[in-house]
Amino acid sequence: MMMKSIAAGLAGTALLATVAFAQSPTATTDKAPTAATATTTTTTASGQWRTSKMDGLKIYNDANENIGTINDLLMDKNGDIKIAVIGVGGFLGMGEHLVAVPYEKLKFVNEAVAYTGTGAKPATTTTTTGAATGTADTKPAATTTSSTSKWYPDHAVFNASKDELKNMPEFKYSE
């Protein structure tokens, strides 16, 4: 008896599903589809940066000293970025001091930071200019890459020292 009830229920369900799939919607308007009238933006965005790539971007000062990283970008209701939250100090995110700086005070740079330290020298290449003269030119190896195809800048510059940033009031997210 139980098997007959289950079989009848499955057959009824299959019959109703077949009827529902067989129906096709009828067109009642002469208007064009709404997808054709929707406005879209261009599929390429050259010169634009992804905000997801800005998180963790290194911040240097005018003396090419690493002073922190971008932790967050805050925008207004119009979508304009107004504040950059910079993390200063700490180790692996622990003990980091967060400060808020006006976004327009950051200067974004596409080229890599120029080497100014006194430690190990950057790699050099030697090329012979003439076999007869035996002279050689030593040139720094190319360390910069073209950022025109990247979706983010190489780094940002903010005119402050690490100590000045640490002495700024700490930024806290309001709940």
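Which residues make the nonpolar surface patch of about 490 Å²? I found that M2, M3, I6 and L10 make this patch. For such patches, residues must have over 30% relative accessible area and no salt bridge, like charges being joined within 9 Å and nonpolar side chains (Val, Leu, Ile, Met, Phe, Trp, Tyr) within 5 Å. A salt bridge here is a side-chain nitrogen of Lys or Arg within 4 Å of a carboxyl oxygen of Asp or Glu, and accessible areas come from the Shrake-Rupley method with a 1.4 Å probe, where for residues only the protein chains shown count as cover.

I noted that this is a predicted model, in which local features need pLDDT of at least 70 and side-chain atom pairs count only at pLDDT 80 or more, while totals for chains, interfaces and linings use all residues. Residues are numbered from 1 along each chain as its sequence is written, and side-chain values use heavy atoms, with hydrogens and water left out.

**Entry: overall layout**

I looked up the elements and found four helices and eight strands, where helices (H or I, at least four residues) and strands (E, at least two) are DSSP runs numbered from the N terminus. Along the sequence I read the pattern α-α-α-β-β-β-β-β-β-β-β-α. I6, from the patch, lies in helix 1, residues 2-22, and is partly exposed with a relative accessible area of 44%; buried means under 20%, exposed over 50%, and partly exposed in between (1.4 Å probe, protein chains only). Of the 175 residues, 18% count as buried, and the protein exposes about 13,600 Å², of which carbon and sulfur atoms supply 57%.

**Entry: the hairpins**

I then followed the strands, which pair if DSSP finds at least two bridges between them. Strand 1 (residues 58-60) runs antiparallel to strand 2 (residues 66-75) over three bridges, and I59 stands opposite G68. Strand 2 also pairs with strand 3 (residues 81-88), again in the antiparallel sense, over six bridges, with L74 opposite I83.

Which residue takes a positive phi in the hairpin of strand 1 and strand 2? In that hairpin, which has five residues between the strands, I found N64 with a phi near 60°. I marked this residue because most residues other than glycine have a negative phi. N64 is not a glycine, and at 28% relative accessibility N64 counts as partly exposed. The hairpin of strand 2 and strand 3 likewise has five residues between its strands, and G79 in its turn has a positive phi of about 90°.

I counted three aromatic pairs, taking rings of Phe, Tyr and Trp (its six-membered ring) as paired if their centres lie within 6.5 Å, with planes under 30 degrees apart called stacked, over 60 edge-to-face and the rest tilted. The rings of Y103 and F108 have centres 5.6 Å apart and planes at 40°, so I list the pair as tilted. Both residues, Y103 and F108, are buried, and together with W49 they form one aromatic cluster.

Is K105 buried or exposed? At 54% relative accessibility, K105 counts as exposed, and I located K105 in the loop between strand 4 (97-102) and strand 5 (107-109). Leaving aside neighbours within four places in sequence, K105 is in contact (heavy atoms within 4.5 Å) with V157 and F158. The C-alpha atoms of K105 and A84, 21 residues apart along the chain, are separated by 9.3 Å.
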